[in-house]
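Let's take a walk through a protein fold together. Have the model open and turn it as you read.

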Amino acid sequence: MNLLSNEDRTSLVRLRDELSKRYDEYCSMNLSLDMTRGKPSAEQLDIANDIYGLVNASDTFSEDRFDCRNYGVPTGLPECKRMFSMITGFDPSLIVIGNNSSLSMMYDTLMRSMVFGEIESDRPWSVENVRKWICPVPGYDRHFAITQNLGFEMIPVPMKKDGPDMDIVEKLLASDPTIKGMWCVPLYSNPDGYIYSETVCIRIASMKAAAKDFRVFWDNSYAVHNLYPDHRQSIPNILSLCREYGYPNRVYAFSSTSKITFAGSGIACLASNEQNITRVSKQLSLRTIGPDKLNQLRHVRYIPNLDALHAIMDQHANILRPKFEAVDSILSEELSGLGIANWHKPLGGYFFSLFLPTGTAKAVVETAKKAGVLLTPAGATFPYGIDPNDSNIRIAPSFPPLTDIVTATKVLCVCAKLIAVEQLLV
Ligand SMILES: Cc1ncc(COP(=O)(O)O)c(C=O)c1O
């Protein structure tokens, strides 16, 4: 195929007619396909079904003989901290265990800063008239929803293949004391699937911030979510780097078992340095007399060691990999060489991120919807739901069955080409 922009008008009109015909055929199929959210499929959830039987009434005791049915242990069982140490690489003593959902721990952490400030200054963030947050884009819509909800002005910074554009981040941060934080998804970023390089991690750990209480929210949700078990990827230990480069309090790191066991009934964790964790632990022990330790017990029995963890994640990969490969090969077949699309084939995580010509993403999502294919709304990957180029679409292939993914991706490609051709014909 030639670059669409090199085609003459007659060829473009012919192409538009062919694409319209294909589009009409899809419309006549009465499709109802949903690729909007990165949820695990039922088949993936089934992997963890054995977890139910791992705690019964006769054995509710932790390794140090604590009865997990009772109140207590507000920061979590030691064996559960060790489990998350295995997942995240952080020292167990620096980990606090929460209930289901790391997102709720992120929200709570930010709320604590809003109310109590941080170690460097107990001035609550909520009293600042202007507070800003760095948001690598494209990024995770729920991160942006949290910072929007809590009144942060969000500053988009482009993602590059090795992480956020650090030249921009460093410049912004050094000069603006109202920038209080930054979102980071360092491994298999949502939605591009990029992995932060060691250089980027070091720059994040060592950059100068005008706000002395600046914090990085390091969301390692996809810590062990590799699609290719022979090519498992990892990132440097950000807490060690921050200590080494003189900003030991800088990072709050998060992870969860949402996409290891059950998305609706997993366990989350927060990790930071000793000072932050001591402070958080004090506040947590006021907020709760103890989290759901029976679920912690279930999890540590289900994931007792690295072999068990790898075996579970390899099963997820076996289900997800064909779906991701199908998306990649259809995108390649349909869109390669036309000069209208680019994307990165991720080695893990839950998403693809497709870039189309400026000004077409919304129209493509709308056109696909009319053919019965629901995609994540265009713009969702940007703060305030506004993609200034209107070019990015997030593809979430985890939940639907493979056959649906194949059809939905083909519909998406037909729509992308049709809108691109129509744009050229205007
Ligand atoms: C980057 C990122 N962080 C957090 C979450 C949600 O995590 P949890 O289920 O632990 O709240 C998701 C889910 O898609 C995600 O993509």
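Start with helix α3 (residues 78-88), which lies across β2, β8 and β9 and runs at about 120 degrees to β2. Before going on, note that this is a predicted model: local features need pLDDT of at least 70, side-chain atom pairs count only at pLDDT 80 or more, and totals for chains, interfaces and linings use all residues. Residues are numbered from 1 along each chain as its sequence is written.

Helices (H or I, at least four residues) and strands (E, at least two) are DSSP runs, numbered from the N terminus. The angle is taken between N-to-C directions on a scale from 0 to 180 degrees, using axes that are lines fitted to C-alpha atoms, for helices over the stretch in contact. Two residues are in contact if their C-beta atoms, placed from the backbone, lie within 7 Å.

Now find helix α9 (residues 274-287): it also lies across β2, β8 and β9, but runs at about 20 degrees to β2.

What do these helices lie across? The strands belong to an open sheet of eight strands with mixed pairing, in the order β2-β9-β8-β7-β6-β3-β4-β5. Two strands pair if DSSP finds at least two bridges between them. At the edges you'll find β2 (95-97) and β5, each pairing on one side only. Strands of a sheet pair through backbone hydrogen bonds, either parallel or antiparallel.

You can see both kinds here. Strands β8 (residues 251-256) and β9 (residues 268-271) are antiparallel, with four bridges, and S255 has C269 in β9 as its bridge partner. Strands β3 (residues 132-137) and β4 (residues 153-160), by contrast, run parallel and are joined by six bridges. From β3 the chain goes through helix α5 (residues 141-149) to β4, a right-handed β-α-β crossover (with the strands pointing away from the viewer, the path from the first strand over the helix to the second runs clockwise). Next, β4 and β5 form a hairpin with two residues between them, and M159 has P164 in β5 as its bridge partner.

Zoom out to the whole chain. It is divided into domain 1 (4-44 + 310-425) and domain 2 (61-304), with bounds that come from an automatic or database domain assignment. Their C-alpha centres lie 31 Å apart, and 26 residues of domain 1 are in contact with 28 residues of domain 2. On the side of domain 1 that touches domain 2, α11 gives the largest share, eight residues.

Finally, look for the ligand: 13 residues surround it, and the closest are S101, S102, L103, S256 and S258. A residue counts as near if its C-beta atom, placed from the backbone, lies within 6 Å.
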